[in-house]
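Please keep the sequence and the model in view while reading.

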Amino acid sequence: MAFLTHQHGELVYYTSDILENGGIRHGFSTRLGGVSQGYRASLNFRGSGPDPDSRENVLENYRRFCQALGADVRNVVQSQQVHEDTVRHVTAADRGKGLFQANDFTADALVKSQTSGQAEKVVTGGTPDFYKK
């Protein structure tokens with residue numbers, strides 16, 4: 001498996017050739033191209049926990065990453081990650097949870113149905129999952 005480097009403005013991310021050849025749109029973020037400053041620089045998604053970045057910076061970083069992937073940031077679904085065997089099925093009703101509204105679940109993984117075409121995006125590495133309209 002090879003990783004391919006992509007650049008959208010100053011934002012840099014990677015994709016897997018295996019996933020791309022399978023028609024799966026996805027991305028692995030780097031720290032390049034965000035708005036966070038100091039030791040958090042630059043594409044920081046940490047908006048909670050000890051010493052979080054500002055909400056404004058985190059939202060702008062998500063917006064930039066989603067834009068690079070061609071995704072709508074309003075479709076981001078996040079969980080409070082726990083290292084257990086909890087897998088949560090997400091639906092359109094979960095859009096925005098964890099980023100724009102409180103999430104009401106914890107999970108180690110999020111999955112979504114593909115009943116009407118392909119999923120809009122799959123993003124890994126502690127970054128958001130997306131739900132297709």
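The model is predicted, so local features need pLDDT of at least 70 and side-chain atom pairs count only at pLDDT 80 or more, while totals for chains, interfaces and linings use all residues. Residues are numbered from 1 along each chain as its sequence is written, and side-chain values use heavy atoms, with hydrogens and water left out.

The protein has 2 helices and 10 strands; these are DSSP runs, helices (H or I) of at least four residues and strands (E) of at least two, numbered from the N terminus. Of its 133 residues, 36% are buried, that is, under 20% relative accessible area with a 1.4 Å probe, protein chains only.

Helix H2 comprises the 15 residues 55-69 and should span 21 Å at 1.5 Å a residue, which agrees with the 21 Å between its end C-alpha atoms. The expected span is 1.5 Å times one less than the number of residues. The buried residues of H2 include Val 58, Tyr 62 and Phe 65. Seen down the helix axis, the buried residues of H2 fall within an arc of 160° (taken from the directions to the C-beta atoms), so they line one face. Just after H2, Gly 70 takes a positive phi of about 75°.

A nonpolar core is a set of buried Ala, Val, Leu, Ile, Met, Phe, Trp, Tyr and Cys residues joined through side-chain atoms within 4.5 Å.

| Core | Residues in core | Members include |
|---|---|---|
| Largest | 14 residues | Leu 11, Tyr 13, Tyr 62, Phe 65, Val 73 |
| Second, separate | 5 residues | Val 77, Val 90, Ala 107, Leu 110 |

Terms used. Buried < 20%, exposed > 50% of the residue type's maximum accessible area, 1.4 Å probe, protein only.
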